[in-house]
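The sequence and structure come first.

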Amino acid sequence: MSHTSSPASRLRPGTGASSQDEINAEIVAIEADAAARVAAGGSPELHPRRDYAPYRSSLLRHPTHELVRIDPEEVERVSPAFGHTDVNSLESDLTIQHAGEPIGERMTVGGRVLDGEGRPVRHQLIELWQANAGGRYVHKRDQHPAPLDPNFTGVGRAITGDNGEYSFTTIKPGPYPWKNHVNAWRPAHIHFSLFGNAFTQRLITQMYFPGDPLFALDPIYQSIADADARARLVGQYDHSLSVPEFSLGYRWDIVLTGPKSTWMEGEDADE
Ligand SMILES: [Fe+2]
């Protein structure tokens, strides 16, 4: 009688790779530990632990030494400079960058960038990058067998307005596999970067979509132990942002500081 391997074992990317069940158990244990600390009088964990084991590579690439203080002015001498006139308003539309229309569910994503007091953060460079509707990035490291879309690059940028508002026209990205563990899939998401007033202030985060069935399984989304803080990464369907006969609208406000701030990731994360 011949041995037949299970689908899961056939897809196993390498010896020692964990199962989704093992990852889930680690996620649940860390969240329970964080909740116990809050119950004992500690603060909610609004940001991921640096050693967040379910997200395997986080163990290898977080800082292990104290921060090195540097002269911010010296950094500015060798950093890219962005003038307001460098950003064209058409760059916020990811559906018009090629000869044809990209495939996928067209969407308008908009909101406001706010500080911890609810004040608008005006005239800020905000950048976005994402996978296409099939969950594929235009990047040499993304070789999973979903099609590239010749009409979609997946990058855009804009400057926030007088009320901190921004708006992008794009298509809804698909979920995609990654090799954190066996059968690991990222929920659909859009990466955002905010430059602030100086190069040293750059912040990066991700926006998700409501009701994604992969939330509970994703160690990046779950790396924030506090459920309310996680929920602030989820954009909400907003019919007032939907454009008749054209796109579905999602609203996502980004809060830079304070207890309601949007989580921002470390510099090396790239999933
Ligand atoms: Fe991504």
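## Strand β2 and its partners

Strand β2 covers residues 125-130 and is joined to β3 by five bridges, the two running antiparallel. Tryptophan 129 is found opposite valine 155 in β3. Five bridges also link β2 to β7, again antiparallel. Here glutamine 130 has isoleucine 190 of β7 as its bridge partner.

The two faces of β2 can be listed by residue. Ile126, Leu128 and Gln130 form the covered face, while Leu125, Glu127 and Trp129 form the uncovered one. Leaving aside residues up to four places away in sequence, isoleucine 126 touches Val113, Arg157, Ala158, Thr160, Tyr166, Phe192 and Leu194.

## Nonpolar cores

The largest nonpolar core has 28 residues, of which Val109, Val113, Ile126 and Phe192 touch the most other members. Two or more residues each come from β1 (106-114), β2, β3, β4 (165-171), β7 (189-194) and β8. The most is given by β1, with four residues.

In soluble globular proteins, nonpolar side chains tend to be buried together.

## Annotated segment

In an unreviewed entry, UniProt lists residues 109-137 for "domain: Intradiol ring-cleavage dioxygenases". In the model, residues 109-137 are 0% helix and 41% strand. The end C-alpha atoms of this segment are 19 Å apart.

## Confidence

The average pLDDT of the chain is 88, and 90% of the residues score at least 70. Residues 1-13 have a pLDDT below 50, and this stretch has nine contacts in the model beyond near neighbours in sequence. Where pLDDT is low, the predicted coordinates should not be read in detail.

Conventions: Residues are numbered from 1 along each chain as its sequence is written. This is a predicted model: local features need pLDDT of at least 70, side-chain atom pairs count only at pLDDT 80 or more; totals for chains, interfaces and linings use all residues. UniProt positions are given in the numbering used here, feature names are shortened, and annotations may be inferred rather than shown by experiment. pLDDT is the predictor's confidence in each residue, from 0 to 100. Two residues are in contact if their C-beta atoms, placed from the backbone, lie within 7 Å. Two strands pair if DSSP finds at least two bridges between them. A nonpolar core is a set of buried Ala, Val, Leu, Ile, Met, Phe, Trp, Tyr and Cys residues joined through C-beta atoms within 7 Å. A residue is buried if 20 or more other C-beta atoms lie within 10 Å of its own, exposed if 12 or fewer, and partly exposed in between; C-beta atoms are placed from the backbone.
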